Amino acid sequence: MVMLETYTDADAIAASRGDHECFRHLFDRHFDAVHRFLQRRVGRQLADDLAAETFVQAFRHRDRYDGSPDARPWLLGIAVNLMRRHYRSERRQLDAYARTGIDLVAVSGFDNAEERADAANQGRRLARALSSLRDGDRDVLLLYAWADLSYEEIALALGVRIGTVRSRLHRGRRRLRALLEAPAEPARDHLKGDESSR
C-alpha cells in the first residue's frame, strides 16, 4: 500500500473523490505557501480567510483539476481569483504603506535604525509603484517574485497563455523600474493621499 505522503498532489486529489480525508495532503503541503503569498498581498487577517476559502473552493472543484503532479499553481490561481474580489484591501494597504512608510504586512529584518529608515523609504516607493500597476500585471509579477512560480506555473494559475505571462511580467517590470528610478516625490504629496489617482 502506498503511503499518502508519497502521493503526488494529483494522486491525493483523485483519492479524495472516494475518501475526503485524502484532500488533507494538499492542505498540509500547500497551506503555508498559499497563506504566505496572500498575507504579503492583503495582510494576515484577510489572508487567513482567503487561504481557508482557497482550499474550500479547491475541494469543491477538485473534479476540474488537470492532473498535474504539483497543485501549487492551481491553488494560487484560486487564491488570486478570490483575492481579486478583495483587491481594494490590497490597494489600500499599498497606498497606506506608500504614504506612511509603515509596512503593516512585513516584519522588518533590519537591526540598524538607518537601515530601517532606508528600507522604509524604498518600501514606500515600491508600494506606490505596485499599486499603480494593472491588476493582471501585478498578479503575474507577485506570483513570480513572492510565490516563486515559473512562467508555465503562472500561466496555469491564472488561466492565461504563457505569452501573456511574459508580456505582463515585462510590462510590470518596466513600469516598476521606471517608477523606482524616478526622483522621489516631495513628502507633502504623500500627505494629500494622491487624490488624483483615485
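**Figure 1. Overview of the chain in the predicted model.** The secondary structure of the chain comprises ten helices and zero strands, in a model that is predicted. Read from the N terminus, the elements follow one another as α-α-α-α-α-α-α-α-α-α. Of the 198 residues of the chain, 39% count as buried, and among the contacts with a separation of 6 or more, 65% are accounted for by residues 24 or more positions apart.

**Figure 2. Close-up of the crossing of helices α8 and α9.** Two packed helices are described by the angle between their axes and the distance between the axes. Here the axes of helix α8 (residues 151-158) and helix α9 (residues 162-181) come within 9 Å and cross at roughly 105°; α8 and α9 are therefore roughly perpendicular to each other, the range for that class being 65 to 115 degrees. On the α8 side the contact is made by Y151, E152, I154, A155 and L158, and on the α9 side by I162, V165, R166, R168, L169 and R173. By class, the residues of this contact between α8 and α9 comprise seven nonpolar and four charged, with no polar ones.

Figure 3. L130 is found in helix α6 (residues 113-132), and it counts as buried because its relative accessibility, 5%, falls under 20%. Leaving aside neighbours within four places in sequence, L130 is in contact with L94, R138, L141, L142 and L176. One of these contact partners, L141, is eleven residues from L130 in sequence, and the two residues are 9.3 Å apart in space, C-alpha to C-alpha.

Figure 4. A15 lies in helix α1 (residues 9-16) and, with a relative accessibility of 23%, counts as partly exposed. When its neighbours within four places in sequence are left aside, A15 is in contact with Y7 and C22.

Figure 5. A search of the whole structure finds six aromatic pairs, and one aromatic cluster is formed by F27, F31 and F55. The charged end of R40 sits over the ring of W146, at 4.6 Å from the centre of that ring. R62, in turn, lies over the face of F59, where the distance to the ring centre is 3.9 Å.

Technical notes:
Residues are numbered from 1 along each chain as its sequence is written. This is a predicted model: local features need pLDDT of at least 70, side-chain atom pairs count only at pLDDT 80 or more; totals for chains, interfaces and linings use all residues. Side-chain values use heavy atoms; hydrogens and water are left out. Rings of Phe, Tyr and Trp (its six-membered ring) pair if their centres lie within 6.5 Å; planes under 30 degrees apart count as stacked, over 60 as edge-to-face and the rest as tilted. A charge sits over a ring if NZ of Lys or CZ of Arg is within 6 Å of the ring centre and within 35 degrees of the ring normal. Axes are lines fitted to C-alpha atoms, for helices over the stretch in contact, and angles run from 0 to 180 degrees between N-to-C directions. Helices (H or I, at least four residues) and strands (E, at least two) are DSSP runs, numbered from the N terminus. Angles under 35 degrees count as roughly parallel, over 145 as roughly antiparallel, 65 to 115 as roughly perpendicular and the rest as oblique. Contact means heavy atoms within 4.5 Å. Ala, Val, Leu, Ile, Met, Phe, Trp, Tyr, Cys and Pro count as nonpolar, Asp, Glu, Lys and Arg as charged, and the others, Gly among them, as polar. Buried means under 20% relative accessible area, exposed over 50%, partly exposed in between (1.4 Å probe, protein chains only).
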